[in-house]
Amino acid sequence: MRHLTGAAVVMTAVLALAGCGGDDSGGSQGAGVKVESAYMPQPVTAAMAAGFLVIENDGDTPDTLRSVTSDIAQDVTIHTTSGQTMESADGDDRAIPAHGRLVLKSGGMHLMFEKLKRKPKEGETVSLELHFTKTGPVKVEMPVKSATYRTASSSSSSSSSHQ
């Protein structure tokens, strides 16, 4: 009976690890990386849209968000806003420390969906894939919210932080 109990413990652990997936907050997960609070405000133009999310790295190794792709846009770039200017975020800006996080938010680092193939509307979901230096690709379903939507974490003051 003890052997059966050990097998049950192993099976429970395997099922728990296999249960990586989304939650109601737009969460997705890859090895050591979890994405939460993903959303896109409904774009006001037909040409481009912004996207926001939080990437948690619970692994022992730092990683870097290398690129993002989506079926809704020809290009998805990673930008940072400084004052009234917007510029591409470099690799250092996109680093996710071990046991840390990277916050892409309004007024800071964010995703820009450029050359939209169609204008998404509130209530729809946009699919995207995050590509990292070390972690495999992570698929994210990003809900489209109202143009004025803000999360409770939108008032967070830093783009990346160590936990």
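I count Ala, Val, Leu, Ile, Met, Phe, Trp, Tyr, Cys and Pro as nonpolar, Asp, Glu, Lys and Arg as charged, and the others, Gly among them, as polar.

**Entry 1: ground rules**

This is a predicted model, so I take local features at pLDDT of at least 70 and side-chain atom pairs at pLDDT 80 or more, while totals for chains, interfaces and linings use all residues. I number residues from 1 along each chain as its sequence is written, and side-chain values use heavy atoms, with hydrogens and water left out.

**Entry 2: overall layout**

I looked up the elements, which are DSSP runs numbered from the N terminus (helices are H or I, at least four residues; strands are E, at least two). The protein has 1 helix and 12 strands. Of its 163 residues, 39% count as buried. Buried means under 20% relative accessible area, exposed over 50%, partly exposed in between (1.4 Å probe, protein chains only).

**Entry 3: strand E2 and its partners**

Two strands pair if DSSP finds at least two bridges between them. I traced E2, residues 33-41. It pairs with E3 in the antiparallel sense over 5 bridges. The two form a hairpin with 6 residues between them. Val35 stands opposite Ile55 in E3. E2 also pairs with E11 (residues 138-145), in the parallel sense, over 2 bridges. There, Pro41 has Lys145 as its bridge partner.

**Entry 4: the core**

A nonpolar core is a set of buried Ala, Val, Leu, Ile, Met, Phe, Trp, Tyr and Cys residues joined through side-chain atoms within 4.5 Å. The largest one has 28 residues, and Leu53, Ile55, Leu111, Phe113, Leu128 and Leu130 have the most contacts inside it. Among the elements giving it two or more residues are E2, E3, E9 and E11.

Next I checked Leu53. Contact means heavy atoms within 4.5 Å. Beyond its neighbours within four places in sequence, Leu53 is in contact with residues including Val35, Leu102, Leu111, Leu128 and Met142.

**Entry 5: the largest pocket**

A pocket is an open set of points on a 1 Å grid over the protein atoms alone, where a 1.4 Å probe fits, with protein on both sides within 12 Å along at least five of seven lines; lining residues have an atom within 4 Å of a point. The largest pocket holds about 320 Å³ of space. Of its 17 lining residues, Ala49, Ala50, Phe52, His110 and Met112 are the closest to the centre. Strands E3 (48-57) and E9 (109-116) each give two or more residues to the lining. E3 gives the largest share, 4 residues. I sorted the lining into 10 nonpolar, 6 polar and 1 charged.

How values were computed. Grid points are joined across faces, edges and corners, and a volume is the space filled by probe spheres set on the points.
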